[in-house]
Amino acid sequence: MTEQPTCAVCGSKVPPDEDHVHVVANAKRMRDRDGREDYYAHPSCWREETAEWRDPA
Ligand SMILES: [Zn+2]
């Protein structure tokens, strides 16, 4: 049985074989080991969640 990831925004299942967003949060730490967290989201949830995020440039 393959486990389905859960949407980070709405909490329902994200089927891996359907459109989805995979987010990898890399925490760069100068004094400690880097951390990595994986998140999944539905494309529509992700768009709503990040609507006010800014580009890094
Ligand atoms: Zn969702």
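This is a predicted model: local features need pLDDT of at least 70, side-chain atom pairs count only at pLDDT 80 or more; totals for chains, interfaces and linings use all residues.
View A. Residues are numbered from 1 along each chain as its sequence is written.

**View B. Asp38 and its partners.** Asp38 sits in strand β2, which covers residues 35-41. Leaving aside residues up to four places away in sequence, Asp38 touches His22 and Val24 (contact: C-beta atoms, placed from the backbone, within 7 Å). Val23 is 15 residues from Asp38 along the chain, and the C-alpha atoms of the two are 5.8 Å apart.

**View C. The protein chain end to end.** Here we have 1 helix and 2 strands, in the order β-β-α along the sequence (DSSP runs numbered from the N terminus: helices are H or I with at least four residues, strands E with at least two). The radius of gyration is 14 Å, well over the 10 Å from the globule rule for 57 residues, so the protein chain is more spread out than a compact globule (C-alpha atoms only; the rule is 2.2 Å times the number of residues to the power 0.38). The C-alpha trace spans about 40 × 30 × 15 Å along its principal axes.

View D. Of the 57 residues, 9% count as buried. Among contacts with a separation of 6 or more, 38% involve residues 24 or more positions apart.

Terms used: A residue is buried if 20 or more other C-beta atoms lie within 10 Å of its own, exposed if 12 or fewer, and partly exposed in between; C-beta atoms are placed from the backbone. Two residues are in contact if their C-beta atoms, placed from the backbone, lie within 7 Å.
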